[in-house]
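Subject: Structure handover

Hello,

Here is the structure I promised to pass on. Please open it alongside this note; my findings follow below.

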Amino acid sequence: MNRKVILKLSLYSVIVGIIGGTIIGLFLISLEKVTMLNKKYYWLIFILPISGAIMTYLYEAYGRNSHKGNNIIIENINGSNEKINLLMAPLVFCGTVLAHLFGASVGREGTGVQIGGTIASFIGEKFRIKANEKKILLIAGVATGFSAVFGTPLAGTIFALELATIGKITYDAFLPAIVGAFVGNSVVNFIGVSHSHYKIAEVENFESNIIIKVIIMAICFGIASKLFTVFTHKFKVVFSKYFKQKYIRTFIGGIIMVLVTIIIGNRMYNGLSLGLLNDAFDGNIEYYSFFIKLLLTTLCLGAGFQGGEVTPLFVIGSTLGSTLALILGLPFEFAASLGLVGVFAGATKTPIASFVLGVELFGTNNMAFIMIVCIISIFISGKKGIYGSQIYEDL
């Protein structure tokens, strides 16, 4: 692709970044507000089944293929001509906000990626760009969404480049992707949205005993990633088998979530669970916290609630790392930071983006350990990740 085309797509990426960053900024503000309401009013959890059923019905009635979420964007990047419905953006915006208002255990990254991808598709149609150019603009939309949600433009760029085809990066998309990522993140910052901050662990010596312990943790992170993928799939299969109507599946899933919340006796596992994530860096968690979060998130996603997987993966990874720190005699913040990156890497199959994410979130300390964890976790977790439409570039 010649330089003029890449520059043209980069200019379009500026538009995607401005529009996407604005919408995602409003989305993040809304998410913060409804999370506060959920914590303040306990009774909101009881509306979760009805809210989930209504949103699922709206998806079915008006969303067309929007229920495919991130996967339809990935499929388009990989060459599909299936139309991305513009209505997907407001549907996933409202669906995710309502899911968090009423206490579903879901994330927010999927919403950002879908908003960014939908806007990129719409801009591409308006400017009548070619099919191969549309793929690049969609990658820029994904980069915009990820970066705007997490405040990590470099990781967002690489994530978008790695996402669709595992083992292959489209170099023509580098400039449009990084433009979209930085513009989207800048717009969110301009609006006044603050991103989560994490503790930066002290540098651990690159010694044999530490390396062995990190390898053990990385294996556990890979297993957790695999369990997340398997559980999500199993829940979808079970709900599909016993409940033919999708809105009934979401309703039943919501009832189960309500009952589990009552049994647990607190709401630390509802929504993003950022409080649980922060506690992991101090070691102030129960040793089984990672499994409860994994189980509830896969339940909600399998039942059809809208949201994302990445922030829950962060929580699962950091809490698992904190538990392993106690067993292996490692600093909590060190193990929690590696767990956050490792489980994310194993589930998304994006090793370079995961490494860059670790550096952006935690600084250059322990870079070698971050890379070790990413590589081993992906190897252990196998080929299947959380995005069913990813394809592999064989040698």
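The largest pocket has a volume of about 1100 Å³. Keep in mind that the model is predicted. The pocket's lining counts 41 residues. Nearest its centre lie His-67, Asn-71, Thr-232, Lys-236 and Leu-301. H9 supplies the largest share, nine residues.

Next, a residue in H9. Ser-225 sits in this helix, which spans residues 208–242. Is Ser-225 buried or exposed? Its relative accessible area is 0%, so it counts as buried, the cut-off being under 20%. What does Ser-225 touch beyond its neighbours within four places in sequence? Its contacts are Gly-342, Val-343, Gly-346, Ala-347, Ser-377 and Ser-381.

Now the surface. A nonpolar patch covers about 990 Å². Its residues are Leu-37, Tyr-41, Tyr-42, Trp-43, Phe-46, Ile-50, Ile-54, Phe-251, Ile-255, Leu-259 and Ile-262. Two elements give two or more residues to the patch: helix H2 (48–62) and helix H10 (246–264). H10 gives the most, with four residues.

Tyr-42 is found between helix H1 (3–40) and H2. Tyr-42 has a relative accessible area of 34%, so it is partly exposed, falling between the 20% and 50% limits.

Best wishes

Note on methods:
Residues numbered from 1 in each chain as written. Predicted model: local features only at pLDDT ≥ 70, side-chain atom pairs only at ≥ 80, totals over all residues. Heavy atoms only, no water. Patch = residues over 30% accessible without salt bridge, like charges linked within 9 Å, V, L, I, M, F, W, Y side chains within 5 Å. Areas by Shrake-Rupley, 256 points an atom, 1.4 Å probe, with all protein chains shown as cover. Salt bridge = Lys/Arg side-chain N within 4 Å of Asp/Glu carboxyl O. Buried < 20%, exposed > 50% of the residue type's maximum accessible area, 1.4 Å probe, protein only. Contact = heavy atoms within 4.5 Å. 1 Å grid on protein atoms, 1.4 Å probe; cavity = no way out; pocket = protein on both sides within 12 Å on 5 of 7 lines; lining within 4 Å. Points joined across faces, edges and corners; volume = space filled by probe spheres on them.
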